[in-house]
Amino acid sequence: MVVKVFLLEAWAVLRVLSLGRIRNAFQLITSYLFAYYGKTIKIKGNPMAFAVEPTSICNLACPECPTGANLLKRPRGMMPLKDYTSILQQLAPELLYLNLYIQGEPLMHPEFGTMVKKAAQLKLYTSTSTNGHFMGKQLARQLVEGGLTRLIFSVDGTSQESYGLYRVGGSFNRVKQSIIDVVRAKQEAQSLYPIIVMQFIVFRHNEHELPYVKKLARKLKVDKLEIKTAQFYNFGTMRPPLNARFSRYKDELGRLLKTQTKNRCWRQWHSATVTWDGRFAPCCYDKDAIHAFGNVHSRPIKELWRGNNSQNFKQQIFLNRSAIDMCNNCPEGKHLF
C-alpha cells in the first residue's frame, strides 16, 4: 500500500509540473533561504500552494474545532463560484497544489464538484477533507470524473460510540457508506484518483482503537490510512492520548507543544489561504483571519502576497515568531523546510 500511494502521489505531482511552476518554486526557495540566512525579506515568486475555503459552515459540532464549537468569530457563508474562478485565474500559472478546505464542510457547497473540475482543467493537484456526510453516489462520480487528486475522510473511531464522541452529530455508518461510494466510483471509471485517505485523529478516548482502525481501512479499501495527532484549543472535554507517540503536546491537557517555536516558517513563504469572503490570510492556523493581509476582492492576490502587510508578518516570523499567538499552537518550523 505504501509503495502504491507513493507512486500515485509522485505521478500526481509530475503531471501538473510545468517550467513556469518549477521556476516559481525555485524563486520561492531561494528567497526563503535569503530571508532566513541573510535576514532580508524580499518575496520572489507567487504561492505554489494555496487553500481556498468553499464554505465556513459545517453540519457537525466537533468540540476542538472553532467552527464546531461555534467560536469562529468571522461570518459564515459560501464562496460564490465567480469569486473562486477569479482566484484560480490569478494563481494557476504558478500554482501546484490547491486545497479546497479551511474551516467548514466543503461538500456542503452546492457547486463543489464544479470547483474541482475547474481546478483540474488548469492542471492543479487538488485536495479536500470531508466528514463524509454529503457525498452520495452522484457526487462521488462527479469528483472522480472531475479530476480530484486527493480525498481525505475524517474517521476518528471504529464504532458509532467512539466516533460520535468527537464528531458530534455525525453518523459512523454514513461516513463508511460515503467511502464505499467513492471506491466504487473509481472502479467504475477505472480511475486511480482521487487517492482516498482515511484520517484517524488520536484522542485519549480512541487511542485503544488504533489496531482496529487499520483493519477498518483495509476493509473499506482506502488507499491510505493517516494517523494524525490532534490540535487542541481546550474548547471542550477532549484530551490528548496517554501514548506520547501520538500527541504533539508535552502535557496531558494539550497546552504545551513538544516542539519549540523556531523563528522560521517555510509555509509562510510558499502558501497562503483565502476565506469564503475573500480574506487573504497567512495560513490555516489563522482561523479568524485576524492577520489577513487584505481582501482579494479589493486588490489582486499577487499584490497582497508581496504587500507591506505580508512582508511585515514574515519579518515578525524571523524576529520573534512566539509573539504571534496562532504560532504557539503550531508545530511548523521544526525543520528548515
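The protein chain exposes about 15,500 Å², of which carbon and sulfur atoms supply 54%; areas follow the Shrake-Rupley method with a 1.4 Å probe, and for residues only the protein chains shown count as cover. This is a predicted model, in which local features need pLDDT of at least 70 and side-chain atom pairs count only at pLDDT 80 or more, while totals for chains, interfaces and linings use all residues. Residues are numbered from 1 along each chain as its sequence is written, and side-chain values use heavy atoms, with hydrogens and water left out.

**Overall architecture**

- The protein chain has eleven helices and nine strands; these are DSSP runs numbered from the N terminus, helices being H or I of at least four residues and strands E of at least two.
- The radius of gyration is 20 Å, close to the 20 Å from the globule rule for 337 residues, so the protein chain is as compact as a globular protein of that length. The radius is taken over C-alpha atoms, and the rule is 2.2 Å times the number of residues to the power 0.38.
- Along its principal axes, the C-alpha trace spans about 50 × 45 × 40 Å.
- Of the 337 residues, 54% are buried (buried means under 20% relative accessible area, exposed over 50%, and partly exposed in between, with a 1.4 Å probe and protein chains only).
- Among contacts (heavy atoms within 4.5 Å) between residues at least 6 apart in sequence, 69% join residues at least 24 apart.

**Charge**

- The protein chain carries 47 positive and 24 negative side chains, and the centres of the two sets lie 6 Å apart.
- Lys and Arg count as positive and Asp and Glu as negative, without His and the chain ends; each charge is placed at NZ of Lys, CZ of Arg, CG of Asp or CD of Glu.

**Helix H2 and isoleucine 29**

- Isoleucine 29 belongs to helix H2 (residues 19-38) and counts as partly exposed because its relative accessibility is 32%.
- Beyond its neighbours within four places in sequence, isoleucine 29 is in contact with Trp266 and Phe337. Tryptophan 266 is 237 residues away in sequence, yet the C-alpha to C-alpha distance is 8.6 Å.

**Two buried serines**

- Serine 127, in strand S3 (residues 125-130), is buried at 1% relative accessibility.
- The side chains of serine 127 and tyrosine 97 make a polar contact (3.5 Å). Such a contact is a pair of N or O atoms within 3.5 Å; within protein, one must be able to donate a hydrogen and the other to accept it, and residues adjacent in sequence count only if both atoms are side-chain atoms.
- Not counting residues up to four places away in sequence, serine 127 touches residues including Leu98, Leu148 and Arg150.
- Serine 247 sits in the loop between strand S6 (224-229) and helix H9 (267-270), and is buried with a relative accessible area of 8%.
- A polar atom of the serine 247 side chain lies 3.1 Å from the backbone nitrogen of tyrosine 249.

**Helix H5**

- The buried residues of helix H5 (residues 136-146) are Gly136, Leu139, Ala140, Leu143, Val144 and Gly146.
- Their cover includes helix H4 (112-121) and helix H7 (172-189).

**Backbone features in loops**

- Tyrosine 193 and proline 194 are joined by a cis peptide bond with omega of about 5 degrees; proline 194 is in the loop between H7 and strand S5 (195-202).
- Glutamine 190 also lies in the loop between H7 and S5. This residue has a positive phi of about 50 degrees although it is not a glycine, and is exposed with a relative accessible area of 76%.
- Lysine 39, in the loop between H2 and strand S1 (49-52), has a positive phi of about 60 degrees although it is not a glycine.
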